[in-house]
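My entries follow in the order of the search.

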Amino acid sequence: MELIPAIDIIEGKCVRLTRGDYDTRKEYGDPVALAQEFEQLGFRRLHVVDLDGARSRHVVNLETLRTICSATRLTVDFGGGVKTDEDVREVFDAGAAMVTVGSVAVTEPDTYLRWLRTYGAERLILGADVRNGMVSINGWKEDSAEALSDFLAKYLAAGTRNVLCTDISRDGMLQGPATQLYTSVMKAYPHCHLIASGGVSGIADIVELERAGVPAVVFGKAIYEGRINLKELTKRCLQRE
């Protein structure tokens with residue numbers, strides 16, 4: 001299983017929210033220093049979310065992304081506020097290896113498909129943020145009319161490979177991941193490289209997802225709240241890779 005720590009950014013600082021509610025913001029320090037710590041512990045991937053960008057609908061924390069990418073050798077995927085061709089170019093130019101795109105795939109499917117053709121399936125991650133079976137957009141502030149099953153079927157058939165699926169009801173709650181949701185997605189779409197996100201409260205949850213066959217997991221709040229001992233996690237999991 002691929003272990004991917006997450007850094008969510010507001011005003012250049014690492015923060016975490018609960019269920020995407022900006023009023024629950026809690027700060028956890030310098031994102032660059034945290035990224036360097038993750039690299040030193042043996043992680044190779046990093047998920048970076050521009051929460052300012054998600055709220056304002058354009059990329060905001062580009063300089064922080066650039067600094068993380070220049071200060072580490074981590075493979076960084078970046079999401080939040082990526083809406084235009086210029087946004088995508090700037091994110092890649094800043095050093096991100098992959099871009100996570102969610103809202104545009106709902107509101108401008110032709111644009112997403114063009115990016116998929118231009119940059120390739122390995123550089124694009126389809127963000128599938130789900131609430132009550134429906135895909136949410138624009139920083140989880142709006143629920144679309146697109147059912148998760150239809151959303152995935154459409155874009156996986158078009159060549160998408162990587163899918164970051166977040167159960168919004170569990171995000172930041174530290175009450176366990178939506179394992180049943182992820183296993184149902186993998187059963188329906190066995191060729192999908194699924195990245196599970198939301199609800200991880202400790203190492204036991206990661207082991208549960210691994211046993212369920214989930215290929216990758218993103219986790220953040222459990223780290224910052226001291227629920228996961230990163231040295232123990234890397235000893236148990238990363239050394240097996």
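I took residues as buried under 20% relative accessible area, exposed over 50% and partly exposed in between, with a 1.4 Å probe and protein chains only. The model is predicted, so I kept local features only at pLDDT of at least 70 and side-chain atom pairs only at pLDDT 80 or more, while totals for chains, interfaces and linings use all residues. Residues are numbered from 1 along each chain as its sequence is written, and side-chain values use heavy atoms, without hydrogens and water.

On H7 I found Leu-148, Phe-151, Leu-152, Tyr-155 and Leu-156 buried. They cover an arc of only 110 degrees around the axis, taken from the directions from the helix axis to the C-beta atoms, which puts them on the same side of H7. Asp-150 and Ala-157, on the other side of H7, are exposed. After H7 comes Gly-159, with a positive phi near 120 degrees.

I then searched the whole structure for aromatic pairs and noted six, where rings of Phe, Tyr and Trp (its six-membered ring) pair if their centres lie within 6.5 Å, and planes under 30 degrees apart count as stacked, over 60 as edge-to-face and the rest as tilted. Phe-151 and Tyr-155 have ring centres 5.4 Å apart and planes at 80 degrees, so I logged the pair as edge-to-face.

Technical notes. Helices (H or I, at least four residues) and strands (E, at least two) are DSSP runs, numbered from the N terminus.
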